[in-house]
Amino acid sequence: MVNIVKSRGKTAVFKIANQGSNPCVYGIQYIVTPNWWLKRWVFTCNHGSIGLVYIIAGTIGGSIGTAFSFLMRAELSIPGYVLVQDNLHDYNVWITAHGILMIFFMVMPFMIGGLGNIIVPIQIGSPDMVFPRFNNLSFWLLPFSMVFLMMSMFIENGCGVGWTLYAPLSGWIGHPGTPVDLVISSVHLAGISSILGAINFIGTIGRMRWTIEPFDYWTKLPLYTWSIWVTGWLLVISVPVLAAAITMLLFDKHLNTSFYDPYGGGDPLLFQHLFWFFGHPEVYILIFPGFGIMSEVISKYSNTPIFGKEGMIYATLGISFLGLIVWGHHMYTVGLDVDTRAYFTAATSVIGIPTGIKIFSWFATLWTGSVTPGIPILFAAGFLFLFTFGGITGLLLASAALDIPFHDSYLVVGHFH
């Protein structure tokens, strides 16, 4: 028997077990009932509430990152206007924080953690995520991660190694102090958060199939949910590689190893290979949820199902697979041999085929449907224009012969932005 007594905001639970004719109180547990806002926002395991706090965190991270981008553009417009000439290291600090903030603390919280948590359970008819407490933990790792990143800007001279954290600049030669350690800790926490979230999405989409018949489940699955499922697998595959790369960087800095130190038999290019094996799938981790959103918006405002849905699914799977094997096109200028550059040029160019299928499907949906005017469809039209140009510049940069003169130019900056 359990008696529950409430008094002054506390709940006392008395568990009473009968032993013969004499009841015996064998356990008394006091449970403090938190304030409603703690229940609603801090301790919640509800997918909608967690999705909303992800969006709030993404808004904060994006606002700070955008502020750094304005500072950078102001400095570039009139060199020396924002920064005095003797303190140009601060520019590198800004660009390091800007890149990491926009990737890990704006786009991913918005597109995956925020909208994914809100929309995916609804689209598959699930009451919640399969691991609700994992869901809560995956969010609350982010604020601590962001605090570490912000601290790295103000300790010593700040971390000014660029968002790629290339060795040896970020290691024993350039920045051997605390700021880089803080950034590495920040990225580790953000990576753990991403992996927990990815496992949750994969498990939820794969197992919590409540309203769709099992035999038709994957074909009837909405394209946004498909995009989140594929994104989850890319995160599980690629983020541990980044974690390994920055862990070895820490070992080189503090434990006298030589993973990236050529004087001890290591190679700085190893870091680039590991980083871009994560970095290129990360491109699609960021854009796949956007693909899913555009598919839903275009289908809704065209008043017709998406044209060639099955082809869109195969295109998503194809892009995700190819995205894992083309990391070398970020490294054409490091001295790769001719055959290696030829392979990465060919493999990267092939990505244009499934990407073209997606663009064709979106335009065909608009063409065959009856478009209802609205702000979302205008944003979708802007997306189609920008993404088409981004894809064309990507085909230019896929060629090793063209990428070498374009390297570190504003064509590359425009392409990935």
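I will take the helices and their packing, and then some backbone details.

First, the ground rules. This is a predicted model, in which local features need pLDDT of at least 70 and side-chain atom pairs count only at pLDDT 80 or more, while totals for chains, interfaces and linings use all residues. Residues are numbered from 1 along each chain as its sequence is written, and side-chain values use heavy atoms, with hydrogens and water left out.

Helices here are DSSP runs of H or I with at least four residues, strands are runs of E with at least two, and both are numbered from the N terminus.

Start with α3, residues 89-124. Helix α3 has 36 residues and spans 49 Å from first C-alpha to last, close to the 52 Å expected at 1.5 Å a residue. The expected span is 1.5 Å times one less than the number of residues. Where is the kink in α3 centred? On P109, and the kink is about 55°. The bend at a residue is the angle between axes fitted to the seven residues ending there and the seven starting there. Just after α3, G125 has a positive phi of about 75°.

Helix α7, residues 223-254, has 32 residues and reaches 46 Å, close to the expected 46 Å. A kink of about 25° in α7 is centred on L235. Following α7 is N256, with a positive phi near 65°.

Now the packing. Two packed helices are described by the angle between their axes and the distance between the axes. Axes are lines fitted to C-alpha atoms, for helices over the stretch in contact, and angles run from 0 to 180 degrees between N-to-C directions.

The axes of α3 and α5, residues 178-207, come within 11 Å and cross at roughly 15°. That makes the two roughly parallel, a label for angles under 35 degrees; over 145 is roughly antiparallel, 65 to 115 roughly perpendicular, and the rest oblique. The crossing of α3 and α5 is left-handed, meaning that the near helix is turned anticlockwise from the far one by less than a right angle; clockwise would be right-handed. Contact means heavy atoms within 4.5 Å. Among the residues making this contact are F104, F105 and M108 of α3 and V183, V187 and F201 of α5. By class, the contact of α3 with α5 has twelve nonpolar, five polar and no charged residues. Nonpolar covers Ala, Val, Leu, Ile, Met, Phe, Trp, Tyr, Cys and Pro; charged covers Asp, Glu, Lys and Arg; the others, Gly among them, are polar.

Helix α8, residues 268-302, packs with α11, residues 352-368, at about 20°, with axes 9 Å apart. So α8 is roughly parallel to α11, and their crossing is left-handed. F291, M294, S295, I298, S299 and S302 in α8 meet K358, W362, T365 and L366 in α11. That contact divides into five nonpolar, four polar and one charged.

Last, the backbone. Most residues other than glycine have a negative phi, and most peptide bonds are trans. In the loop between α4 and α5 sits E156, a residue other than glycine with a positive phi near 55°. P168 is also found in the loop between α4 and α5. The peptide bond from A167 to P168 is cis, with omega near 5°.
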